[in-house]
Amino acid sequence: MSNTPRWFLAASAVGALNTINARKPFAREGRASVPAFAAGWLSSELPLHAIAWQALAAAAWVRKGALRSPAGWAGLGITAASWAGLHQIWKESMGQDQIFEIALRESLGGDLDVGTAPLEPKGDLVVTRKRLATGPFKRWSKGYVSGPTVSYGDAGRRNQLDVWRRPDLPADGKAPVLVQVHGGAWMMGNKEQQATPLMAHLADQGWVCVAINYRLSPRATWPDHIVDVKRALAWVKANIADYGGDPDFVTITGGSAGGHLASLAALTPNEAEFQPGFEEADTSLVAAVPFYGVYDFTDRDGTGREDMEPILSKYVFKSRRRDAPEVWDH
C-alpha cells in the first residue's frame, strides 16, 4: 500500500501544531521562542490565507490517494480541526477594535476625547472578500505618497522618509501628524514594510503620516538609531507645514524596536545627547503610541527577555552591559 495516507497524516499534524502554536506560542522566552514566533507568525497574522494554503495542500494529497486508508481520513480530520482553529483566530481578530476601545476608556475615563477626523473619509472601511484576500499584498501607499522620497540626513537610504497625505489636503492646513518608526530588532526593516494600512487609514481621515528609515545595526552602533529618529523629527517640525501638517501636533508610533524608539523619542524631547549637531532643534511630541516595544534594556522589573543581552551587546551596543551601564540605561 502507498505511504501517501501516512505522509498526509504527518503533514496534517504539522499544520495543526502550527495552528496551535499560532494561537498560543509553544515558547515565549529563550532560543525556542524565535522559531516558535517565526512558525506561527504568518498563520496568526493571515489565518484565512493559511486555511486556503492548507486546503490546496489537502486537495493535492487527496488527488494522490491520501484517503485510501484510515490514516488519510484521520489526516483530513486533523486538517479540518486546524481550519476551525484558524477561523477562530480570524474571528477573534475582528473584535480587536473593541478591546482597544475598552482599554482606552478604562485607562483615560472621562479624559478620553474621541475627537473628529480632520477630513471626511473618502469611503467607509468595508471588509470584503477581495479586501481580505489582497490586503497583505495591497500597495497601500498608492494615492497617498505622491512625492519623491525625502532625505532628512546624510546616511543615504537609511536617512530617507515618505510623506503620506491625501491629494486634496489643503496645503495651508493644520493636519495632525503621525511619525511611523519601523521595527526589526534594530537590525532590519524599512519604511515600506510596516503600518501601511494604518497610515493609509489615517491619511484618508486627513492626517499627514511620515514613515522613516533609520540606520541599522550591525553597521550602526547605538545610539545611532535614536539619533536618526530625532533627526527625522527635527525635519518634520521644520518642514511638515509645507505638506499641510501641523508642526505643533506631531505624534509618533512604532512596533517592536520601533516601539522602543518611539517611546524613547517621546520621553527625551530636545535632549542634546541624542541630537548631536542639531541640539537646538525641536523634537518634542504631543503623543506616543508604541506597540509591543522593548522599554528597558536592563530589564529592571524582570519582565523582559533574558536572551536579548548577548544579541544587543554583540550587534547593537558593541559593548557589554557591565562595561557600559550608562549606555544601556535607556
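**Aromatic pairs and a helix contact**

Phe291 has a relative accessibility of 31%, so this residue counts as partly exposed. The value comes from a predicted model. Phe100 is also partly exposed, at 48% relative accessibility. The two rings form a pair. Their centres lie 6.2 Å apart and their planes meet at 80°. Planes over 60 degrees apart count as edge-to-face, so the pair of Phe100 and Phe291 is edge-to-face. This pair joins distant parts of the chain. Phe100 belongs to helix 5 (residues 96-108), whereas Phe291 belongs to strand 6 (residues 287-291). The two residues are 191 residues apart.

The ring pair of Trp235 and Tyr243 has its centres 6.0 Å apart. The planes stand at 50°, so this pair is tilted. Trp235 is buried, with a relative accessible area of 13%. Tyr243 is partly exposed, at 25% relative accessibility. In total, the count comes to seven aromatic pairs.

Lys64 lies over the face of Trp61, at 5.6 Å from the ring centre.

Two helices also pack against each other. Helix 1 (residues 4-23) and helix 2 (residues 33-45) have axes 8 Å apart, at an angle of about 90°. Helix 1 is therefore roughly perpendicular to helix 2. On the helix 1 side, the contact involves Asn18, Asn21 and Ala22. On the helix 2 side, it involves Ala36, Ala39, Gly40, Ser43 and Ser44. Of the residues in this contact, three are nonpolar, five are polar and none is charged.

Methods
Residues are numbered from 1 along each chain as its sequence is written. This is a predicted model: local features need pLDDT of at least 70, side-chain atom pairs count only at pLDDT 80 or more; totals for chains, interfaces and linings use all residues. Side-chain values use heavy atoms; hydrogens and water are left out. Axes are lines fitted to C-alpha atoms, for helices over the stretch in contact, and angles run from 0 to 180 degrees between N-to-C directions. Helices (H or I, at least four residues) and strands (E, at least two) are DSSP runs, numbered from the N terminus. Angles under 35 degrees count as roughly parallel, over 145 as roughly antiparallel, 65 to 115 as roughly perpendicular and the rest as oblique. Contact means heavy atoms within 4.5 Å. Ala, Val, Leu, Ile, Met, Phe, Trp, Tyr, Cys and Pro count as nonpolar, Asp, Glu, Lys and Arg as charged, and the others, Gly among them, as polar. Rings of Phe, Tyr and Trp (its six-membered ring) pair if their centres lie within 6.5 Å; planes under 30 degrees apart count as stacked, over 60 as edge-to-face and the rest as tilted. Buried means under 20% relative accessible area, exposed over 50%, partly exposed in between (1.4 Å probe, protein chains only). A charge sits over a ring if NZ of Lys or CZ of Arg is within 6 Å of the ring centre and within 35 degrees of the ring normal.
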